[in-house]
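Dear colleague,

I am handing over the structure we spoke about, and I would be glad if you could read the notes below beside it.

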Amino acid sequence: MNNLTFIPFQPKYAKTFKNLNLEWIKKFFVVENKDIELLDNCEENIINKGGYIFFAKIDTTIVGCVAYIKIEDNVYELGKMAISEAYQGKKIGQELLTFAINFAKEEQWKQVILYSSVKLTNALHIYKKVGFKEVPLEPNVVYKRSSIKMELNLK
C-alpha cells in the first residue's frame, strides 16, 4: 500500500488508540482494568513514562496502532498493537510491526518483549516471521489473556 504511512503519537489520536484496541480486545477477550488504565490515559501511562505510540495511516484515516512500553533502559514491551477490522488482511499489521522493529533498531535497543495469546494465531505468525522467539511466561502476568511471552533480541 503506497499510501500507508506511520506517524508518532498525537494527543488528538488518543481516543482512536483506545477504540482500535477495545475493538480487538472485546472481539477475543474481556477488557481488563490494566487495559482501561493504559487506554484511558495513554499519554500519561505510556508516552510520559518513556514509551512510544505509533499509528498506521492511509491517506487521512488512522487504520492501526502500536505502543512501546518502557520496561528498563533499552528494553521495551511491544503492546496494544491493533489494526482496524475494516483494514485487516491487507498486510498492514506486518508493515506496522516491521516499522516498529526498525524503530527499535534505530534507537539501538537491546530487546523487545511482548505478551500475547495462543488464540491470536495470525499475530503470532507475524511475530515469529520478524524474529520473535517464545520464552517462558512468568507466573503472575499482568493480563489474564496472556498465554505466551516472546522476545526479540536486537544486540
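First, the conventions. This is a predicted model, in which local features need pLDDT of at least 70 and side-chain atom pairs count only at pLDDT 80 or more, while totals for chains, interfaces and linings use all residues. Residues are numbered from 1 along each chain as its sequence is written, and side-chain values use heavy atoms, with hydrogens and water left out.

Strands and hairpins

Helices (H or I, at least four residues) and strands (E, at least two) are DSSP runs numbered from the N terminus, and two strands pair if DSSP finds at least two bridges between them. Strands β2 and β3 run antiparallel and are joined by seven bridges, with Lys 57 having Ile 62 in β3 as its bridge partner. Their hairpin has two residues between the strands, and Asp 59 takes a positive phi near 55° there. Seven bridges also join β3 to β4, again antiparallel, and the bridge partner of Lys 70 in β4 is Tyr 76. In this hairpin, which has two residues between the strands, Asn 74 has a positive phi near 65°. β4 and β5, by contrast, pair in the parallel sense over three bridges, and Val 75 stands opposite Gln 111 in β5.

The nonpolar cores

A nonpolar core is a set of buried Ala, Val, Leu, Ile, Met, Phe, Trp, Tyr and Cys residues joined through side-chain atoms within 4.5 Å. The largest one has 28 residues, and those with the most contacts inside it are Tyr 68, Leu 78, Met 81, Leu 97, Tyr 127 and Phe 132. At least two residues of this core come from each of β2 (52-58), β3 (61-72), β4 (75-83), α4 (92-106), β5 (111-116), α5 (121-129) and β7 (148-153), and α4 supplies the largest share, seven residues. A second, separate core of 22 residues includes Leu 20, Trp 24, Ile 25 and Ile 46.

Taking contact to mean heavy atoms within 4.5 Å, and leaving aside neighbours within four places in sequence, Phe 132 is in contact with Leu 97, Ile 101, Val 112, Ile 113, Leu 114, Tyr 127, Met 150, Glu 151 and Leu 152.

Tyr 52 is placed in strand β2 and counts as partly exposed, at 25% relative accessibility. Not counting residues up to four places away in sequence, Tyr 52 touches Ile 46, Ile 47, Val 66, Ala 67, Tyr 68, Tyr 76, Phe 103, Glu 107 and Trp 109. The C-alpha atoms of Tyr 52 and Ile 69 are separated by 6.8 Å, although the two are 17 residues apart along the chain.

Helix α2

In helix α2 (residues 33-40), Asp 35, Leu 38 and Leu 39 are buried. Seen down the axis of α2, its buried residues fall within an arc of 95°, so they line one face of the helix; the arc is that of the directions from the helix axis to the C-beta atoms. These buried residues pack against α1 (14-28), α3 (42-45), β3 and β4.

Further positive phi values

Most residues other than glycine have a negative phi. Lys 80, in strand β4, has a positive phi near 50° and counts as buried at 7% relative accessibility. Gln 108, in the loop between α4 and β5, has a positive phi near 60° and is exposed, with a relative accessible area of 53%.

The largest pocket

On a 1 Å grid over the protein atoms alone, a pocket is an open set of points where a 1.4 Å probe fits, with protein on both sides within 12 Å along at least five of seven lines, and lining residues have an atom within 4 Å of a point. Grid points are joined across faces, edges and corners, and a volume is the space filled by probe spheres set on the points. The largest pocket has a volume of about 890 Å³. Of the 37 residues that line the largest pocket, the closest to its centre are Met 81, Leu 120, Asn 122, Ala 123 and Tyr 127. β4 gives the most to this lining, with seven residues.

With best regards

Note on methods. Buried means under 20% relative accessible area, exposed over 50%, partly exposed in between (1.4 Å probe, protein chains only).
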